[in-house]
Amino acid sequence: MTVTQEKGMAERSQGFALRWLTRLAGSDLLDRVRIRKQLERAVFTTSKNGFRTATAAGRTFKATQKLTGPARQSHGKPRSLFDITPDEEQQMLQEGVRDFAEAKIRTVAGDADAQCATPPELLAQANELGVNMLGVPEELGGVMQEQSAVTSVLIGEALAHGDMGIAYATLAPGAVATAIAHWGTAEQEAAYLPAFTGDDTPAAALAILEPRPLFDPLKLETAARRDGEDWVLDGVKSLVARPGDCELFVIAAEADGLGPALFVVESGASGLSTEAEPAMGLRPAGTGRLLLEDVRLPAGALMAGGKREAYVECVQRARVAWCALAVGTAQAVLDYVIPYVNERTAFGEPISNRQGVAFAVSDIGIESDGMRLATYRAASRADQGRDFAREASLARRLCTQKGMRIGSDGVQLLGGHGFVKEHPVERWYRDLRAAGVMEGALLV
Amino acid sequence: MINLETPKKFKPLTAQAHQVATEVFRPISRKYDVAEHSYPKELDMLASMIDGMSEGADSDAGAAGVRRDSNGNGDGGNRNGSNLSTVLSIIELCWGDVGLLLSMPRQGLGNSAIASVATDEQLEHYGGKWAAMAITEPEAGSDSASIRTTAELDGDEYVLNGEKIFVTSGDRADLIVVWASLDRSKGRAAIKSFIVERDNPGLKLDRLEHKLGIRASDTANFTLQDCRVPKEALLGSPEIDTKAGFGGAMQTFDNTRPLVAAMAVGVTRAALEETRKCLEEAGVEVDYDRPALSQHAAAARYLEMEADYEAAHLLTLQAAWMADNAKPNSLQASMAKAKAGRTCVDVTLGCVELCGTVGYTENRLLEKWARDAKILDIFEGTQQIQLLIVARQLLGKSSSELR
């Protein structure tokens, strides 16, 4: 690569951060779209077992350019020094998203949870921040030259500090863009990725999880069988974000003769339907099931040639993404309980003067910091092109167990007040349990 | 730029430390566990070698340099200096044997104290000697502000009187850094540390302890009876500054807590690696990609323990890295010590359980590591003290509010 090219890319990357910041700071973004206090009431009932709706008709995805081969973001150079400081650009993004999460997400999280929906304006605003195009290579209108799992983690963490369910709804389309950018064919990239770089990005979902106990993403029940040149998919996917709104899916299925593999599926495909599947938490994401009945796909729908390594990497990257959300929510718990236990008095003094209370706060601090560092490590290894199976797995164990514990202690420290919806800790209790249940759905 | 891997420039150092652990510590690990109180003479050669190594190199294999002015190469302001390199080598050496590391000549906690706060004159006078640390007393453990040993100025000398227990390497060291109060009515601000030569006639060895673990390391109890030391033996300022309070004396601990956390991390890793081998011999494979709960229960338990290890490890590196970069790290140092200490105990005991009699008997070192582990959650501030420090920092509380 020539020096000018390198410089050009660096400038574009820098420009991206600046654009981001400008958008945030500009009164335009903050004022134009007011988050309505009363959300449109989404019809979302649990009682309609068997009530299915077809997936959205969706746009026509068309390639606007022809690629000679798949475009890929490069890995960063292996870094030589130990460092826990995000680079300048990451710090800017982090700050911007933090502000957004505090001003726009936290304030509506309770309503969004009750309604099982995130306000569309909020999703649009978040999308304007560019959170869904981090994985898109420059050739296809993206802004990041190098893979940016760490950046994705920092953004996921910051969004989830506002609310985990809204973070899920916000980031779900980006997972599809990232999946196609990492493992899509040239044709898939050309057809689908440009849609993710504009303002009108499609809702989309990466569906791996299936509804059964002891789900193992490496042993899928959703099957893809060969029929001539075509693939025919059957199965059920669980806890998909906003499935009824999605225009595009990446769906994991056990492919004949290949093992678990990813397929690109447009929402208009016949045999696709959705049904509501509200859960304990993540409710602002409007979770639902995606049902596949004889969904016929052309041979070109298969991603990465069905290579197992690609699928396994997808599973690992998703785990890191969920860890990032758990870290953000755990931090939210810590930040919330500290002033509470300092202000709440019992027996004539703040309850935080008691070790039984204070030590619980210490443990939240210690374990959430451990979760964070383990998650950063996994993401940083991914960016450097190192194997990160071990690190992703350990970060997930930590975020699953400590995250749940933190959710529980958050409620416990507020006592009865924590149990009622006047405070957000009960929502975080429900959301943090998701970190160990979710597979797929998000990517770094 | 976020990167939590061992920096490349410290790879040779950690490789060297690992070799020492494998070739020197492990072969004599059981020997000195059994032969408590006998001096591990094998360490003399090693200590000289390490002295040679740290001269000229920007690294220390033991517990010496924890000065804030550590050198490191810049990378846009980011420094990886001697705090990180020390922590990394301690991890490797304690993977070998923590008791033997604690017995390393000239690598005592007293050396850390001297390295941290001594004046240049003191460094010159006491440099190259082995220094132990004497803080704990029969009536003052975690509550080190309530120590009763006194130091009275008499002409050009301080006269020390009191009783000290749990002095690591106290019988073997050349020097003992003794904490004593200049004025017991003035509380913690009056507590100062004094360097006492081991052969000082006023310093009487009472006995050596028999312990649960780290038996290679001797633990001495002393009586100080009209023990006279020159005025210059006082470390730091002789002023009783009630505003600065305990800071001076406690400063050492901000620097040494990550070192003890590193010891715990090293022992934990030793137990995990051995257990993984045992499990593989038993036909249990640990798979990082399959969900933990879909695997053998032993594999799931292993993953849980390794996850705690990962957190402890990274928290420890974080605390050291912050010290290298002159960031205040008292909170992170205590977090690391708390997490690493409890993880070490939980994991080593868990490993014994997983390995059954193979873990519990003296045929392997697993049971020894489980015994060694417990002290790491106690000395340099117990688990409970660390939680107290963390809580005070997070909640913004004073020691009188949160006691």
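Tutor: Start with the word "contact". Two residues are in contact if their C-beta atoms, placed from the backbone, lie within 7 Å. Keep in mind that this is a predicted model.

Student: Which residues make the contact of H9(A) with H8(B)?

Tutor: From H9(A), they are A:Asp369, A:Gly370, A:Leu373, A:Ala374 and A:Arg377. From H8(B), they are B:Glu310, B:Ala311, B:Leu314, B:Leu315 and B:Gln318. By class, that contact has five nonpolar, two polar and three charged residues.

Student: Now chain A by itself. What is in it?

Tutor: Chain A has 12 helices and 10 strands. Of its 444 residues, 56% count as buried. Next, look at sequence separation. Among contacts in chain A with a separation of 6 or more, 81% are between residues 24 or more positions apart.

Student: Where do the domains of chain A lie?

Tutor: Domain 1 covers 223-306 and domain 2 covers 308-436. Their centres, taken over C-alpha atoms, are separated by 31 Å. Each of these two domains gives nine residues to the contact between them. On the domain 1 side, strand S6 (residues 259-266) of chain A has the largest share, four residues. That side has seven nonpolar, two polar and no charged residues.

Student: And which domains does chain B have?

Tutor: Chain B is divided into domain 1 (8-117), domain 2 (130-235) and domain 3 (247-395). The contact between domain 1 and domain 2 of chain B takes 21 residues from domain 1 and 20 residues from domain 2. On the domain 1 side, helices H1 (11-34), H4 (98-102) and H5 (109-117) of chain B give two or more residues.

Student: What should I expect of nonpolar residues?

Tutor: In soluble globular proteins, nonpolar side chains tend to be buried together. Here, the largest nonpolar core has 228 residues. Within that core, A:Phe263 and A:Val320 touch the most other members. H8(A) supplies the largest share of this core, 18 residues. Another core, of 39 residues, lies apart from it and includes B:Ile147, B:Phe166, B:Ala190 and B:Val229.

Student: Which residues does A:Val320 touch, not counting those up to four places away in sequence?

Tutor: Among them are A:Ala149, A:Val153, A:Thr375, A:Ala378 and A:Val444.

Student: Is B:Asp218 buried or exposed?

Tutor: B:Asp218 counts as buried, because it has 25 C-beta neighbours inside 10 Å. The cut-off for buried is 20 or more. B:Asp218 sits in the loop between strand S6 (203-208) and strand S7 (219-230) of chain B. Leaving out residues up to four places away in sequence, it touches B:His37, B:Ser169, B:Gly170, B:Asp171, B:Arg172 and B:Leu208.

Student: What does phi tell me?

Tutor: Most residues other than glycine have a negative phi. B:His37 has a positive phi, near 80°. B:His37 lies in the loop between H1 and helix H2 (42-54) of chain B. With 13 other C-beta atoms within 10 Å, B:His37 is partly exposed.

Student: What is phi at A:Leu214?

Tutor: A:Leu214 has a positive phi of about 55°, although it is not a glycine. A:Leu214 is in the loop between strand S2 (204-207) and strand S3 (223-227) of chain A. A:Leu214 is exposed, because 8 other C-beta atoms lie within 10 Å and the cut-off for exposed is 12 or fewer.

Key: Residues numbered from 1 in each chain as written. Chains lettered and ligands numbered in written order. Predicted model: local features only at pLDDT ≥ 70, side-chain atom pairs only at ≥ 80, totals over all residues. Domains from an automatic or database assignment. Core = buried A, V, L, I, M, F, W, Y, C linked by C-beta atoms within 7 Å. Nonpolar A, V, L, I, M, F, W, Y, C, P; charged D, E, K, R; others polar.
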